[in-house]
Amino acid sequence: MEINVDLSCIMVIFGGTGDLTHRKLMSAIYNLAFQDMLPKNFAIVSIGRRIFTNDQYRNQIRESVGKYSRFAMEDEKWNKLRNKIYYLDFDFRDNDGYVTLKKLLDSLDNKYNTNGNRMYYLAVAPEYFEPIVEKLKFHSMNTHENSNRRIVIEKPFGRDLKSAMYLNEKIKSAFSEENIYRIDHYLGKEMIQNIMVIRFANVLFESLWNNKYIDNIQISSSERVGVETRGGYYESSGALKDMIQNHIFQLLSLVAMEPPISLHTEDIRDEKVKLFKSIEKVTPEYIMENMVRGQYGRGKIGSKEVLAYREENKVSPTSNIETFAAMKLYIQNYRWAGVPFYIRTGKRLASKSTEIVIQFKSAEKLLYFKEFDNLEPNLLVIRIQPQEGIFFQINGKKPGVESAIIPIQMNFCQNCPLENNSPEAYERLLFDVMKGDSTLFTRWDEVEYSWKFADTILEVWRNNHPNYPNYDSGSWGPKESDELLKRDGRFWWNV
Ligand SMILES: NC(=O)c1ccc[n+]([C@@H]2O[C@H](COP(=O)([O-])OP(=O)(O)OC[C@H]3O[C@@H](n4cnc5c(N)ncnc54)[C@H](OP(=O)(O)O)[C@@H]3O)[C@@H](O)[C@H]2O)c1
């Protein structure tokens with residue numbers, strides 16, 4: 001693949017000793033190095049509070065990369081990268097640290113010929129986003145003539161609309177929108193990128209992609225694990241903020257948006273925002289009737305007995321945080337009027353999967369639809385994770401003398417032949433930041449609309465106390481989630 005843009009840069013990781021850096025970022029960088037996709041003119045400076053020499057830090061990173069990378073550790077590949085990794089310890093609020101950092105970056109610019117280009121990666125708790133941006137600005141590290149200075153912000157981008165707006169203003173005072181990369185790692189997943197290809201590179205689907213032929217669309221993202229070590233974080237989040245406001249809304253927009261006028265970043269983002277604007281307004285009555293929340297109680301995952309959410313580490317024993325959310329939404333435009341979109345996400349559910357099910361309508365009661373009243377609907381399933389692929393169900397004749405019709409299932413699994421052969425989301429996303437391509441990152445107005453939506457729901461939920469726990473670990477969530485579809489004559493597909 002030939003890339004005609006300048007990829008050279010120094011990646012500055014704030015939070016270089018943290019979990020995200022060890023498990024995801026460094027493995028992604030190594031994977032890029034392994035495939036010879038890193039620019040020659042490249043270096044990394046990691047910052048944390050703990051005190052390490054460059055060599056000590058490099059050795060730790062080698063260990064993590066060995067554990068988490070999808071490619072085997074090869075000394076020749078690693079050694080090339082190893083010497084380009086530097087470590088600095090200072091407190092993010094400490095001015096002197098930035099003076100040292102600036103000096104180091106200037107000297108590395110000369111050494112690696114990186115032309116003053118920077119990728120500042122904020123792999124830190126959200127309370128540090130603002131002080132780091134302010135310090136970068138104060139020390140004139142945010143812009144530089146003829147160089148690109150990009151900033152990558154991890155999720156969560158705010159706790160609600162108000163805090164997200166505040167944060168956005170702060171970042172925008174130092175970096176222009178085109179240099180702000182709000183990461184939603186879901187967008188880096190192979191099958192998410194494939195949604196647009198499936199829709200717009202196949203006449204077969206796009207011509208049927210509307211309320212004339214589609215009965216309903218279901219987006220489900222389920223996990224078997226509970227909050228594990230992240231109880232503290234989850235207590236200020238919950239399923240709606242943690243999954244729906246960002247990841248699932250992004251899936252929804254890609255599945256339901258109109259075709260963009262081109263494949264350029266801004267044209268795609270414009271369509272996503274238009275879609276968010278078309279979601280039917282939800283009133284408090286609608287929310288109470290068509291949105292379900294839940295919290296897991298004790299139960300079994302496989303044969304293992306597990307604790308209730310309220311018994312987890314760093315979780316309040318009276319917590320009212322939801323670990324499950326399901327809802328029905330409508331999109332008010334010509335394409336989707338009348339088609340329900342069912343969304344569901346939760347922890348400690350029966351299986352781990354993220355998938356989009358498109359259920360097609362039945363035909364008129366004629367011919368086979370008249371003769372056989374139990375024909376299965378056509379289904380198209382886009383599997384996002386852990387299995388990546390496409391499942392398609394049509395009706396066919398059962399082989400034999402009797403005239404029976406059976407569902408025929410075509411199952412394409414992209415990552416089955418060679419486990420884990422797909423690029424990690426962070427690999428693609430970091431490479432895109434180097435290229436200056438922000439298509440797979442969220443623009444501010446996307447964030448704004450999704451927070452407005454989430455805030456409306458949370459406001460209603462806050463004022464109505466649920467009776468938790470209301471589902472067993474290892475189940476498919478509260479019974480109200482099934483009833484939400486049952487009363488429409490439908491059910492959740494667990495394909
Ligand atoms: N972990 C994931 O898989 C994941 C996934 C998606 C999003 N995120 C987001 O990514 C961010 C980082 O998460 P994480 O799990 O990596 O957190 P973490 O393990 O707690 O790491 C935090 C990092 O920040 C550094 N740090 C904290 N306070 C500092 C200060 N005052 N001065 C200098 N360094 C300081 C820590 O350095 P020391 O340890 O040396 O003190 C450490 O390197 C969060 O916003 C999180 O929501 C994480």
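**Entry 1: a strand pair**

I started with strand β9 (residues 296-301), which pairs with β10 in the antiparallel sense over three bridges. I keep in mind that this is a predicted model. Next I looked up Ile301 and found that its bridge partner in β10 is Lys304.

**Entry 2: the sheet around that pair**

Which strands form the open sheet, and in what order? I noted three strands in the order β10-β9-β17, with mixed pairing. The edges are β10 (304-306) and β17 (471-473), and each of these pairs on one side only.

For helix α1 (residues 19-34) and helix α3 (residues 75-82), the angle is about 115° and the axes are 10 Å apart. I wrote down that α1 passes α3 in a right-handed crossing.

Which residues make the contact? From α1 they are Ile29, Tyr30, Ala33 and Phe34, and from α3 they are Lys77, Trp78 and Leu81. I sorted the residues of this contact of α1 with α3 into six nonpolar, no polar and one charged.

**Entry 3: a UniProt annotation**

I checked the record too: an unreviewed UniProt entry lists residues 12-194 as "domain: Glucose-6-phosphate dehydrogenase NAD-binding". What is the chain like over residues 12-194? I found 46% helix and 15% strand there, with the end C-alpha atoms 30 Å apart.

Definitions and conventions:
Residues numbered from 1 in each chain as written. Predicted model: local features only at pLDDT ≥ 70, side-chain atom pairs only at ≥ 80, totals over all residues. Heavy atoms only, no water. Axes fitted to C-alpha atoms, helices over the stretch in contact; angles between N-to-C directions. Helix = DSSP H or I, 4+ residues; strand = E, 2+ residues; numbered from the N terminus. Left-handed = near helix turned anticlockwise from the far one by under 90°. Contact = heavy atoms within 4.5 Å. Nonpolar A, V, L, I, M, F, W, Y, C, P; charged D, E, K, R; others polar. UniProt positions renumbered as here; feature names shortened; annotations may be inferred. Pairing = 2+ DSSP bridges.
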